[in-house]
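Student: I have a structure to go through today. Could we take it step by step, starting with the charged contacts?

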Amino acid sequence: MAAIVQRMDKAEALLNVLGDEASTEARYLYHRNKCRLFEYKHDFLNALVHRLKSVDLSDSSSILKPDALLYCEIALVYINIGRPSYALLYTEKALMADNNDSTLANRPHIKMTQATCYIFLGELDRAKLIYEESLARAKSLNHKMAIGTAIIDLGDIELRKGHPEKAIKLFNQAEAHFGNSLDAFLRCLFLYMKAKCLLRLKKFDECEKIIKEGMALANETGYEPYIICFKMIEHLINIKNPESQKYLEQVAIPFLRNSNSAVRYEALEICHILEAYYKKIRSKMKALTMAAVARDILHEMTFGCAPGI
């Protein structure tokens, strides 16, 4: 990692010396690699800056052609920082570039990124149709990772639509498909989604086993957002406990809300769960507070800032 950083710093120094003499392509390649370096550190905002610079260079070049993968990568960053409407614009650009290049074989993951945008925009039926088409396309290409990912995301849609029984069947199907092929990050994501599903089904013993496995993996990888997410599920199981409510309100929601990753959406979900619970126990002021926090998070995701800023 240190060697990569050193090489990138050297490349940047050379580009600065060369100035306008440096070719568009050289600058383009520099920014493409720099964004991957920031992404490796989970610094999505800086990764986005370099990707957008790459797009500016490719769009102004007569040599470089529109890059479907680059547009798709930008869309994924916008998803991660909670801006699904911006992400949708870039998936549409990616699909146009993809369709204009016969060598790309209309890769299914670009369509699936578009479907992810629709999930986070709340258009679940539209997202489901795209995932079903993408799954069929992935199967025809025998693209194993895309097949498994599509199955997981179809399970996520069913969970969001209030069908945890259908969701758990799809998650189990995906788990059998992947076997041990998932890297630690994707495994954390999968275990977290499965834990949410078991929580919804009120299978608390099974859920706690998944939390334990997920927490161990999250601690091993050092990826803090998932450590918080698994703790959050643990506290949701004990939602009647005032200490769990305090953790969710004062630790989980602020942390996830300020995270530059897709877990920002989970903060919104906790607000809705707490609001519903407080209504159930007739704690009107607490329910109103959670509703207000949820509105603020939605505003930030739509406009990039809190209301009034």
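**Salt bridges and helix contacts**

Tutor: The count of salt bridges comes to twelve. Please keep in mind that this is a predicted model.

Student: Which residue forms a salt bridge with Lys194?

Tutor: Glu175 does, with the closest N and O atoms 2.9 Å apart. Glu175 lies in helix 9 (residues 164-178) and Lys194 in helix 10, so this pair ties together parts that are 19 residues apart in sequence.

Student: Is Lys194 buried or exposed?

Tutor: Lys194 is buried, because its relative accessible area is 11% and the limit for buried is under 20%. Glu175 is partly exposed, with a relative accessible area of 25%.

Student: And what does Arg200 pair with?

Tutor: The side chain of Arg200 meets that of Glu269 in a salt bridge, at 3.7 Å from N to O. Glu269 belongs to helix 14 (residues 264-280) and Arg200 to helix 10, so the two tie together parts 69 residues apart in sequence. Arg200 is partly exposed, at a relative accessible area of 40%.

Student: Staying with helix 14, where do Lys279 and Glu275 lie?

Tutor: Both lie in helix 14, four residues apart, which is about one turn of the helix. Lys279 counts as exposed, at 55% relative accessibility, whereas Glu275 is buried, with a relative accessible area of 15%.

Student: Which residues do shared partners join into one network?

Tutor: Salt bridges that share partners join Glu175, Arg187, Lys194 and Glu213 into one network.

Student: Let us change topic. How do the axes of helix 8 and helix 10 cross?

Tutor: The axes of helix 8 and helix 10 (residues 184-200) come within 11 Å of each other and cross at roughly 30 degrees. Helix 8 is therefore roughly parallel to helix 10, since angles under 35 degrees count as such. The crossing of helix 8 past helix 10 is left-handed.

Student: Which residues make that contact?

Tutor: From helix 8 they are Met145, Ile152, Asp156 and Leu159. Helix 10 contributes Leu186, Phe190, Met193, Lys196, Cys197 and Arg200. By type, the contact residues divide into seven nonpolar, no polar and three charged.

Student: Where is Gly155 found, and is Gly155 buried or exposed?

Tutor: Gly155 is found in helix 8 (residues 144-160). With 0% relative accessibility, Gly155 counts as buried.

Student: What does Gly155 touch?

Tutor: Leaving aside residues up to four places away in sequence, Gly155 touches Ala167, Leu170 and Phe171. As for Met193, its C-alpha is 8.9 Å in space from that of Gly155, and the two residues are 38 apart in sequence.

Student: One last topic, the backbone. What is phi of Lys202?

Tutor: Phi of Lys202 is near 60 degrees, a positive value in a residue other than glycine. For context, most residues other than glycine have a negative phi. Lys202 is found in the loop between helix 10 and helix 11 (204-221), and counts as exposed at 63% relative accessibility.

Student: And what about phi of Arg282?

Tutor: Arg282 has a positive phi of about 60 degrees, although it is not a glycine. Its place is in the loop between helix 14 and helix 15 (284-303). Arg282 is exposed, with a relative accessible area of 78%.

How values were computed:
Residues are numbered from 1 along each chain as its sequence is written. This is a predicted model: local features need pLDDT of at least 70, side-chain atom pairs count only at pLDDT 80 or more; totals for chains, interfaces and linings use all residues. Side-chain values use heavy atoms; hydrogens and water are left out. Buried means under 20% relative accessible area, exposed over 50%, partly exposed in between (1.4 Å probe, protein chains only). Contact means heavy atoms within 4.5 Å. Axes are lines fitted to C-alpha atoms, for helices over the stretch in contact, and angles run from 0 to 180 degrees between N-to-C directions. Angles under 35 degrees count as roughly parallel, over 145 as roughly antiparallel, 65 to 115 as roughly perpendicular and the rest as oblique. A crossing is left-handed if the near helix is turned anticlockwise from the far one by less than a right angle, and right-handed if clockwise. Ala, Val, Leu, Ile, Met, Phe, Trp, Tyr, Cys and Pro count as nonpolar, Asp, Glu, Lys and Arg as charged, and the others, Gly among them, as polar. A salt bridge is a side-chain nitrogen of Lys or Arg within 4 Å of a carboxyl oxygen of Asp or Glu.
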